[in-house]
Amino acid sequence: MARVDVGTYLVQRLTRSPSFPTLLGRIEVASFPVNMVHHDHACTWTFQRRHFSTRVQSAFLGIRGDKDAQLAAKNKNIDTAGIWHILPNTIQNSLQDSSKSRFINWLGHGVSRSKAAILQLLTPDEAEAIIHSMKVDKHHPGVMTAEQTAELYVGRLRTARHLIADRPLARCLFDRIRSCSVADEHCLSSSRPLLSLMAHGLQVVAVNERIRLVTTQEGGEHQKHADISEVSDDGLHISRLTFQCYLNPQSYKGGQFRLYPVDGRAPVDVDVHTGEAILFVQEDPELMHGGAPKGPGAAKCAIRGNLDVPLVS
């Protein structure tokens with residue numbers, strides 16, 4: 001097991017301990033040593049505290065309260081049937097064609113190239129079919145109403161979420177992202193896989209089957225935050241990248257991906273077209289973002305998911 005993987009594993013085990021919040025709250029320094037013995041080997045790990053309090057961490061992630069509690073709350077209601085089975089056969093066949101993705105550009109605006117990109121992930125027909133499969137009825141499995149969402153997320157207004165577990169859809173989306181390539185600036189006849197140029201990209205093994213279908217009504221928005229990195233249920237994987245795909249941005253005003261530049265400049269609203277996605281790293285200060293206020297027009301529809309890497313190798 002690589003040292004970095006051991007470290008990540010130990011951090012996850014430590015932070016899941018019921019006493020960890022109390023321990024961390026009492027620490028007055030930014031890092032602290034932990035002595036550990038495994039069989040006949042002794043070692044000392046130094047754990048660095050990225051956020052000094054639950055309050056600061058919650059503000060960074062745009063959540064209410066503890067991160068683990070928030071993850072448990074938002075993942076407790078899942079539509080395990082997914083939507084693949086209700087998509088038309090023509091759309092299923094189309095989604096299985098991995099060649100339909102296309103790199104558009106790096107996000108820019110001061111964000112490191114390896115941390116955020118824009119790509120064409122879905123065709124307009126695929127986007128429309130997914131919109132028709134999205135649910136907002138509070139009695140439907142996996143649906144978190146706008147009121148419930150506002151209780152978990154700070155500043156997320158008039159936004160409902162339909163959480164599905166859908167392996168066939170996740171596999172198709174992963175194949176699209178994995179197949180996306182970026183032309184070499186110095187030799188246009190050659191290209192490299194987009195993921196090979198992204199932070200954590202070479203370690204990505206899948207799009208997590210838990211996918212969020214998000215519906216935002218007029219007046220809805222989402223305040224500044226960083227996306228949460230999530231450990232899989234089996235403890236074998238952790239998410240490092242998010243994809244946020246816009247299904248109908250031409251059908252409403254506002255609602256753009258709003259980037260908050262790390263240098264403190266004014267927020268930037270990033271315009272995209274139907275089926276385009278922003279792929280970006282999680283829990284990174286360069287990717288503080290939100291959703292701009294949604295104006296008149298149809299409900300804003302988006303699909304969001306995580307890209308997973310091995311937690312322990």
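1. Contact here means that heavy atoms lie within 4.5 Å. Among contacts in the chain between residues at least 6 apart in sequence, 76% join residues at least 24 apart. The model is predicted, so local features need pLDDT of at least 70 and side-chain atom pairs count only at pLDDT 80 or more, while totals for chains, interfaces and linings use all residues. Residues are numbered from 1 along each chain as its sequence is written, and side-chain values use heavy atoms, with hydrogens and water left out.

2. The chain contains 8 helices and 17 strands. Both are DSSP runs numbered from the N terminus: helices are H or I with at least four residues, strands are E with at least two.

3. Of the 313 residues in the chain, 50% are buried. Buried means under 20% relative accessible area, exposed means over 50%, and partly exposed is in between (1.4 Å probe, protein chains only). The accessible surface of the chain comes to about 15500 Å², and carbon and sulfur atoms hold 52% of that surface. Accessible areas come from the Shrake-Rupley method with a 1.4 Å probe; for residues, only the protein chains shown count as cover.

4. Which residues of helix 4 are buried? In this helix, residues 67-74, they are Lys67, Gln70, Leu71 and Lys74. Seen down the axis of helix 4, the buried residues fall within an arc of 100°, so they line one face of the helix. The arc is that of the directions from the helix axis to the C-beta atoms.

5. Ser239 is part of strand 10. Ser239 counts as buried because its relative accessibility is 0%. Its side chain makes a polar contact with the side chain of Gln282 at 2.7 Å. A polar contact is a pair of N or O atoms within 3.5 Å; within protein, one must be able to donate a hydrogen and the other to accept it, and residues adjacent in sequence count only if both atoms are side-chain atoms. Ser239 and Gln282 are 43 residues apart in sequence, and their C-alpha atoms are 7.9 Å apart in space. Leaving aside neighbours within four places in sequence, Ser239 also has contacts that include Ile228, Glu230, Asn306 and Asp308.

6. Gln244 is found in strand 10 too. Gln244 has a relative accessible area of 15%, so it is buried. Not counting residues up to four places away in sequence, Gln244 touches Glu276, Ala277, Ile278, Phe280, Ala302, Ile303 and Arg304.

7. Asn248 sits in the loop between strand 10 (237-246) and strand 11 (252-254). The side chain of Asn248 reaches the backbone nitrogen of Cys301 at 2.9 Å. Apart from neighbours within four places in sequence, Asn248 is in contact with Ile131, Thr274, Ala298, Ala299, Lys300 and Cys301.

8. Tyr260 belongs to the loop between strand 12 (257-259) and strand 13 (268-270). With 18% relative accessibility, Tyr260 counts as buried. Tyr260 and Gly110 are 150 residues apart along the chain, and 9.7 Å separates their C-alpha atoms. Residues that Tyr260 touches, not counting those up to four places away in sequence, are Lys224, Pro267, Met288, His289 and Gly290.

9. Arg156 lies over the face of Tyr153, at 4.0 Å from the ring centre. A charge sits over a ring if NZ of Lys or CZ of Arg is within 6 Å of the ring centre and within 35 degrees of the ring normal.
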